[in-house]
Amino acid sequence: MPEPDSTPAGRVAPAAAPALDADAVAETVAAPPAADLPVYAPRLPQAATWRYRMERGPLSGQATLNWSPQPDGRYEARLEGRAGGLTLLEWVSQGVVDASGAAPDRFALRRRGRDRQAANFQRDAGKITFSGPTHELPLWPGAQDRLSWLVQLAGVLEAEPAQRQAGARTTLMVIGARGGAERWSFVVQGGEPIAGRPALRLLRDTDRRHETKVEVWLDPAQGYRPLRAVLATIEGGPPLVLEVDAEAEAGAVPARP
């Protein structure tokens, strides 16, 4: 999801808010063998708009995640965050939905509606390239980007009851727009309510300081949609926090029959 930034994380003056982009968190390059990565058969959410309160250090505002699968098999996921009338982040993931869930083609960080950094998933060539860094990475089976993982994780838990049990582990390879790739292994911690709703809390299993620290709470009553996500920044800076806005949300994933 978020990427590192050359600007150190920390307290910033309101005038500097556009440069923050709320995405200055750790991103490293790892290259596990493809055989080490599981491939799932998720049941992805229906089209939805999820609204959140967004916080990062002294900044607070609103964020909207639009998940838009199309009848032709393509999808777009878009996360936009605003505070004080300024757009702090705009992430866009585009791709297809196949038997292994979300299959990104392109993940971009945008500013003023234009891609400024992007990862390209070249499936015909079996590699991932970037608009900035010149290195290439292999296209791992089931690889996600730093936005699509939220939808993919929800789909895995919805489809596979064993992945919901305490201690169960779901592993995704997550690619950033700035050239990073990390194995994110989520371990179910148990139930913990968010905004008065029962939720399942998962924690990324890592003790490495330079890697992104991730916690996420998913709603079992509504297709395991994300109710809350916390992503820690580089070197212990203020985390990016998204929490469901119960008053403003609309178009949420409907409960499955």
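Me: A residue is called buried under 20% relative accessible area, exposed over 50%, and partly exposed in between (1.4 Å probe, protein chains only). What is the relative accessible area of D105?

Reply: This is a predicted model, in which local features need pLDDT of at least 70, side-chain atom pairs count only at pLDDT 80 or more, and totals for chains, interfaces and linings use all residues. Residues are numbered from 1 along each chain as its sequence is written, and side-chain values use heavy atoms, with hydrogens and water left out. D105 is partly exposed, because its relative accessible area is 25%.

Me: With which residue does D105 form a salt bridge?

Reply: A salt bridge requires a side-chain nitrogen of Lys or Arg within 4 Å of a carboxyl oxygen of Asp or Glu. The closest N and O atoms of the pair are 3.0 Å apart, and the partner of D105 is R74.

Me: How many residues apart in sequence are D105 and R74?

Reply: Strands are DSSP runs of E with at least two residues, and helices are runs of H or I with at least four, numbered from the N terminus. D105 belongs to strand β5 (residues 101-111) and R74 to strand β3 (residues 74-83), so the pair ties together parts whose separation in sequence is 31 residues.

Me: Is helix α2 largely enclosed or left open by the rest of the structure?

Reply: Helix α2 covers residues 148-159. Among its buried residues are W149, L153 and V156. Because eleven of its twelve residues are buried, the rest of the structure leaves α2 largely enclosed.

Me: What length does helix α2 reach from its first C-alpha to its last?

Reply: The expected span of a helix is 1.5 Å times one less than its number of residues. For the twelve residues of α2, 16 Å is expected; close to this, the helix reaches 17 Å.

Me: How are the rings of W149 and W184 arranged, stacked or edge-to-face?

Reply: Rings of Phe, Tyr and Trp (its six-membered ring) pair if their centres lie within 6.5 Å; planes under 30 degrees apart count as stacked, over 60 as edge-to-face and the rest as tilted. By this rule there are four aromatic pairs. The centres of W149 and W184 are 5.2 Å apart and their planes stand at 70°, so this pair is edge-to-face.

Me: To which residue does the backbone oxygen 2.7 Å from a polar side-chain atom of R204 belong?

Reply: R204 lies in strand β12 (residues 200-204) and is buried, because its relative accessible area is 4%. The backbone oxygen that lies 2.7 Å from a polar atom of its side chain belongs to T212.

Me: How many salt bridges does the structure hold?

Reply: One of them joins D219 and R225, with closest N and O atoms 3.8 Å apart. Others link E76, R78, E80 and E90 in a network. The number of salt bridges in the structure is 15.

Technical notes. Polar contact = N/O pair within 3.5 Å; in protein donor to acceptor, adjacent residues only side chain to side chain.
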